[in-house]
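Hi everyone, thanks for coming.

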Amino acid sequence: MDLAQEIAYWAAMELGFGYESLHVHHTAWVLSRMHIHFTRFPKWQDNASLYTWHKGANGLFYLRDFELLDADGSPAVQATSSWVVIDERTRHFVRPDELPPSLVLDYPVDDAIAQQAPKVVMPKVEMTEAGEHTVAYSDIDIIGHTNNARYVVWAMDCLPLEVAVQPMKNLYINFNRETTAGETVQLFRLQDGSAWYVEGRVDGKSCFVVKMEY
């Protein structure tokens, strides 16, 4: 997640719709959904190459894929992500037709994962309390809300250690509501077969949901 957001930043800059280009219009990119598929789980000190490309728009979503290749060129991780543009002042979505015409965002290309990152549907089973996290300075990003990669860290910390250390097959995450410094996020978890769900809530409202398949 850390590497993906970094390379996405630079790739968007190269295409002319990076952070600075949107910021002058009081808008910003926000990650909404992501699906990461692990063909092989990378290990510490492995050599790998990370690639990303923009795939154009689908409704309010702008799609970006990623691929992590082993040193021999074989795929280790594939991912697809869905982004939205928000108004930094109101935090409301900005529709594609409301963006300046200079921001050309239509670049249809190949798929790392063909299907768009899905909505995570929670099983209709009561979840177990898994602790809480108060958003701190180290959690927030340049636009003042929690960095998307931090939510995965919180979710992984909710799992039993014997599960968390196993290689993961798929990770799905939906970002439902931003969280900001000082807010306390209540964390809940649920096991459904080989899948684990973690949800974060503030004042009873869902902020994020993660599904992790092992």
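**Charges, rings and cores**

Let's start with the charged side chains: searching the whole structure turns up 10 salt bridges. Before I go on, please keep in mind that this is a predicted model. As a bit of background, side chains of opposite charge can pair when their charged atoms come close.

Here's one to look at. Asp 65 and Lys 55 meet through their side chains in a salt bridge, at 3.0 Å from N to O. Asp 65 belongs to strand β3, residues 61-70, and Lys 55 to strand β2, residues 48-58, so the bridge links parts of the chain that are 10 residues apart. Are these two buried or exposed? Asp 65 has 0% relative accessibility, so it counts as buried. Lys 55 comes in at 12%, and since buried means under 20%, Lys 55 counts as buried as well.

Now move over to Glu 178 and Arg 91. Their side chains also meet in a salt bridge, 3.1 Å from N to O. Where do the two partners sit? Glu 178 is in the loop between β6 (170-175) and β7 (184-192), while Arg 91 is in the loop between β4 (75-87) and β5 (128-134), so this pair ties together parts 87 residues apart in sequence. Glu 178 is partly exposed, with a relative accessible area of 29%, and Arg 91 is partly exposed too, at 27%.

Stay on Arg 91 for a second, as its backbone deserves a look. Its phi is near 70 degrees, which is a positive value in a residue other than glycine. Gln 45 has a positive phi as well, about 75 degrees, and it isn't a glycine either. You'll find Gln 45 in the loop between β1 (27-38) and β2, and with 62% relative accessibility it counts as exposed.

Glu 213 forms a salt bridge with Lys 211, with the closest N and O atoms 3.3 Å apart. And Arg 40, Asp 46 and Asp 70 are linked in a network of salt bridges.

OK, on to the rings. How many aromatic pairs are there? The count comes to eight. Take Tyr 151 and Phe 208: the ring centres are 4.9 Å apart and the planes are at 55 degrees, so we call the pair tilted. Tyr 151 is in helix α3, residues 148-158, and Phe 208 is in strand β9, residues 205-213, which puts them 57 residues apart and makes this a link between distant parts of the chain. Both of them are buried. They also share one aromatic cluster with Trp 154 and Phe 175.

There's a charge over a ring, too: Arg 201 lies over the face of Phe 188, at 4.1 Å from the ring centre.

Last stop, the nonpolar cores. Which residues touch the most other members of the largest one? Out of its 43 residues, they are Met 34, Leu 159, Leu 171, Ile 173, Phe 208 and Met 212. So Phe 208, from our tilted pair, shows up here again. If we leave out residues up to four places away in sequence, the contacts of Ile 173 include Ser 32, Arg 33, Val 120 and Tyr 151. And there's a second, separate core of eight residues, with Val 120, Met 127, Tyr 172 and Ala 195 among them.

Technical notes: Residues are numbered from 1 along each chain as its sequence is written. This is a predicted model: local features need pLDDT of at least 70, side-chain atom pairs count only at pLDDT 80 or more; totals for chains, interfaces and linings use all residues. Side-chain values use heavy atoms; hydrogens and water are left out. Rings of Phe, Tyr and Trp (its six-membered ring) pair if their centres lie within 6.5 Å; planes under 30 degrees apart count as stacked, over 60 as edge-to-face and the rest as tilted. Helices (H or I, at least four residues) and strands (E, at least two) are DSSP runs, numbered from the N terminus. Buried means under 20% relative accessible area, exposed over 50%, partly exposed in between (1.4 Å probe, protein chains only). A charge sits over a ring if NZ of Lys or CZ of Arg is within 6 Å of the ring centre and within 35 degrees of the ring normal. A nonpolar core is a set of buried Ala, Val, Leu, Ile, Met, Phe, Trp, Tyr and Cys residues joined through side-chain atoms within 4.5 Å. Contact means heavy atoms within 4.5 Å. A salt bridge is a side-chain nitrogen of Lys or Arg within 4 Å of a carboxyl oxygen of Asp or Glu.
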